[in-house]
Amino acid sequence: MQLRTSVLSSLVVLSGAFATLACSSDSADPPPDGTSSECTVTVKPGDNDAEDIQSAIDEKIGTGDTLCFAPGTYELDDHIVLGGASKVKFVGTGKSRDDVLLDFSSQKSGKEGILVTTDDFTIENLWVKNTAGNGVQVQGSTNATFKNIKVGWDKPSDEDNNPLSGGYAIYPTGVTNAVIVDSEMYGASDAGLYAGQCIGVIAHGNKSHGNVLGIEIENTTGADIYDNDVYDNTTGFLLDLLPNLQKKDAKQYLVHDNHVHDNNHPNFAEKNTVAATAPKGTGFLVLAASEVEVTGNQVENNEGVAAMIVSYDIIDILAALNGGTPAAPDPTTSRWPSSIYFHGNEYQNNGTAPEDALLFLAAGAEGAKTIDQYVLWDGILGPDHADDAAAKICVGDPEKDAFMNYHADTSDFDYSKYTTDTTDHECTISVPPLGH
Amino acid sequence: MYHLRSASRALTAIVLLGCGSVDGNGGVTPPQAELLPAEWPDAPFPAAPQPRSELVELGRMLFYDPVGSNDRQTACATCHSEIWGMSDGLERSIGLGAGLFTGPGRAGTNVLRRNAPTLWNTAFSEVLLWDGRAASLEEQVRLPFEAQDELARPFDEVVAEVAAIPAYTTLFAAAFPGEEPAVTGANYATAVAAFERTLVSRRGRYDAYVAGDEHALDAQMKRGLFVFAEAGCVNCHAPPLFASDRFANRGVPGVTGVTDRGRAEVTGDEADSGAFKVPTLRNLQESGPYFHTGAVTSLAEAVRHEVHQSELVDGAPPQTDEDIDALVAFVKKALFDRRDNPTRPGRLPSGLPIPIDGIGVRR
């Protein structure tokens with residue numbers, strides 16, 4: 001497994017398609033004194049940090065420039081926006097990312113901490129926390145690199161699990177080629193890393209913890225997600241296709257060699273969001289996506305269930321159970337997962353204490369209060385699927401010996417009729433890693 | 001991205017302007033240069049070449065030509081007509097299959113989800129459409145072709161057909177000298193976008209006033225300018241464009257049976273649900289009905305809705321009826337300039353009939 005990862009990394013770095021990653025990987029660490037010769041402008045903490053930083057961006061940063069942040073704590077009452085110049089880097093010049101803290105605890109305006117809408121953007125070696133809304137958002141651009149940054153919230157929720165934090169920590173959306181490496185995201189009331197409607201997402205070497213969703217890859221084409229440590233979230237991974245968005249498909253996700261463990265955090269998402277339906281204790285939730293290969297991951301101590309593959313029908317049901325309203329129908333977006341392949345993952349100590357909606361499934365498993373199967377499928381077929389085999393919900397070793405189809409369409413919540421036969425599921429698919 | 005800070009600076013300027021200072025003769029002193037609103041932004045022309053007359057002329061033909069539609073009767077100009085404020089006078093636009101007639105009398109089954117946004121001053125915007133899904137005019141040009149209820153024809157197919165029309169090959173060759181082939185999808189989009197960038201409204205009474213002509217606004221409009229700042233309108237409708245590339249949820253009711261999450265469809269963020277792009281107020285009086293649903297017919301009613309929202313949501317001070325009337329007068333008259341209104345071609349290179357506009361009845 002390790003071999004595969006390093007080969008992959010090399011390929012990714014060598015690939016011209018991901019030039020930004022290659023560049024940032026090759027650059028030397030900035031010196032700690034804040035006087036790097038690579039800095040076009042260096043800002044330092046002062047009395048009016050948000051305005052100073054924004055003025056530096058507006059007046060001094062042009063295409064190809066680097067804005068350096070000297071070590072220290074910046075207190076920002078407004079968001080930071082980069083909307084003009086492209087090929088810009090934001091770089092902290094401390095010894096570690098913790099040395100440059102952008103603290104948005106007093107933020108009064110803007111719905112995110114940092115918003116970038118230009119191409120070829122890189123942000124590295126700094127820490128963004130307590131933004132009023134989302135953390136670091138890159139919207140609609142080509143080539144965005146998040147490298148060695150930390151983004152999160154000190155107090156994500158109150159005692160009643162109402163959210164106090166923003167929705168997304170690291171937030172590329174509508175981005176072509178998003179690269180998220182060696183970073184940490186924590187405390188998001190939706191997803192720590194949320195890549196939505198992107199083309200090409202590479203994420204590795206990250207830690208995502210204390211969020212409702214550790215890593216969410218939504219309505220995206222092409223994702224290669226590996227070597228991440230995903231723990232203490234409500235649900236580790238959400239790999240999904242949602243209705244009523246511009247981009248109508250979610251496919252070609254390769255999720256491998258991650259450590260997905262102890263995702264048992266109570267759900268503190270905003271009510272009536274998809275995140276609010278994420279079952280506590282879930283390792284992987286695959287929702288309505290297609291061409292998803294999940295392999296080589298270490299999945300352990302997730303008390304609900306190791307992996308679930310579901311249609312959007314389930315989300316509507318869960319939304320209704322939570323007192324919410326189902327999403328409006330979107331006939332142009334598929335509701336059903338297809339071509340999903342779980343194989344070669346390691347599972348330990350999952351499904352030991354399922355709660356809430358997962359209890360329906362646990363009750364079905366011969367009256368037990370545990371879910372012993374690794375991979376569960378709701379068995380709901382789309383109109384293009386003549387039978388179970390046509391859906392291509394594939395399981396290899398060891399998953400084929402621990403698979404459950406709980407027939408949500410016909411069982412009327414009596415999941416004792418679940419089946420474990422994998423005759424229709426011993427297929428394979430292959431998702432190429434990005435960079436090939 | 002039109003940054004909030006720019007809007008704040010403009011606010012300061014406009015408040016100072018609105019208050020003015022009364023000189024010994026009882027007249028309002030023309031504003032000092034440093035108090036003027038932010039500079040008129042340079043139009044971004046992301047795709048070289050700069051607009052040349054041949055390029056704009058080609059773009060104008062393509063804009064009015066229904067050659068790109070599946071029914072050979074629908075063009076850009078069907079929903080963006082110079083007679084209806086570069087919009088279409090409909091609550092929600094009607095796409096393919098509704099004939100050559102455009103304007104409020106147009107009827108058909110392909111009713112779109114949203115009101116057609118005006119094309120005035122799109123040259124200065126970096127996010128386009130109500131949900132901001134296009135970042136440039138060049139990008140936006142392609143979208144209606146792909147939409148099954150708008151033009152419903154693959155863009156490549158349209159380009160191939162245009163390439164086979166001799167009158168167009170001549171126009172493309174003139175607009176893109178030395179390029180072989182000249183008729184490409186990118187050049188098609190470049191030409192239409194170049195034409196759209198000529199739709200600039202910047203010489204209204206307000207502009208004359210800030211340039212120093214104190215008589216350009218009458219007393220009511222001046223009052224309206226002050227109210228515009230005081231009521232907080234300026235925070236989003238930032239001068240000089242009286243727009244911003246921001247998104248706001250202004251409590252406009254949705255249309256029954258239509259799912260529209262607005263900006264959230266692009267960002268995937270629930271917090272953006274119901275937020276739509278802040279439109280320009282330039283030439284507003286011609287581009288009704290208003291808001292993304294087109295549910296509000298009169299400009300005065302639209303202004304009242306916004307003032308009410310600002311009171312309710314943003315904590316803006318309440319306004320008297322008199323002040324609201326002044327605000328309406330300001331928006332309606334001071335921001336009106338259609339000197340650059342485009343000219344409709346007499347005949348089209350494709351030989352197809354031009355959409356027939358102005359059914360002649362304003363509701």
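Which strand and which helix of chain A each supply at least two residues of the lining of the second largest pocket? The tour returns to this question at its second stop. The model on display is predicted.

**First stop: the interface of chain B and chain A**

Please colour the two chains separately and select the residues at which they touch. On the side of chain B there are 19 residues in contact with chain A, and on the side of chain A there are 27. The size of an interface is often given as the accessible area lost when the parts come together. Here chain B and chain A bury about 1800 Å² between them, and 45% of that area is on carbon and sulfur atoms.

Next, consider the pairs that cross the interface. There are 11 residue pairs in polar contact, with both residues at pLDDT 80 or more. To see which parts of chain B are involved in touching chain A, select helix 1 (4–19) and helix 10 (264–267) of chain B, each of which supplies at least two residues of that side. The largest share, four residues, comes from helix 10 of chain B. Sorted by class, the side of chain B that touches chain A has 10 charged, five nonpolar and four polar residues.

Side chains of opposite charge can pair when their charged atoms come close. Over all chains the count is 33 salt bridges, and two salt bridges are found across the interface of chain B and chain A. Please select D269(B) and K111(A), whose side chains form a salt bridge with the closest N and O atoms 3.4 Å apart. This pair joins two chains, because D269(B) lies in the loop between helix 10 and strand 2 (276–277) of chain B, while K111(A) lies in strand 7 (residues 109–116) of chain A.

**Second stop: the second largest pocket**

Now select N272(A), Y312(A), A327(A), R261(B) and E270(B), which are the lining residues nearest the centre of the second largest pocket. The lining has 25 residues in total, and the space in this pocket is about 460 Å³. The opening question may now be answered: strand 19 (213–218) and helix 4 (312–321) of chain A each supply at least two residues of the lining. Helix 4 of chain A gives the most, with four residues. By class, the lining of this pocket divides into 11 nonpolar, eight polar and six charged residues.

Rolling a probe the size of a water molecule over the atoms shows where empty space is left. The structure holds three cavities of 30 Å³ or more. The second largest cavity has a volume of about 40 Å³. To find this cavity, select its lining residues, including L62(B), D65(B), C76(B), F145(B) and Y188(B). Six residues of the lining are nonpolar, three are polar and one is charged.

Which residues of chain B are joined by a cis peptide bond with omega of about 0°? They are E180(B) and P181(B). P181(B) is placed in the loop between helix 6 (166–175) and helix 7 (185–196) of chain B. Then move to P239(B) and P240(B), where the peptide bond is also cis, with omega near 5°. P240(B) is in the loop between helix 9 (219–230) and strand 1 (247–248) of chain B.

D227(A) is located in the loop between strand 20 (221–226) and strand 21 (229–231) of chain A.

Conventions. Residues numbered from 1 in each chain as written. Chains lettered and ligands numbered in written order. Predicted model: local features only at pLDDT ≥ 70, side-chain atom pairs only at ≥ 80, totals over all residues. Heavy atoms only, no water. Contact = heavy atoms within 4.5 Å. Buried area = accessible area lost by both parts, 1.4 Å probe. Salt bridge = Lys/Arg side-chain N within 4 Å of Asp/Glu carboxyl O. Polar contact = N/O pair within 3.5 Å; in protein donor to acceptor, adjacent residues only side chain to side chain. Nonpolar A, V, L, I, M, F, W, Y, C, P; charged D, E, K, R; others polar. 1 Å grid on protein atoms, 1.4 Å probe; cavity = no way out; pocket = protein on both sides within 12 Å on 5 of 7 lines; lining within 4 Å. Points joined across faces, edges and corners; volume = space filled by probe spheres on them.
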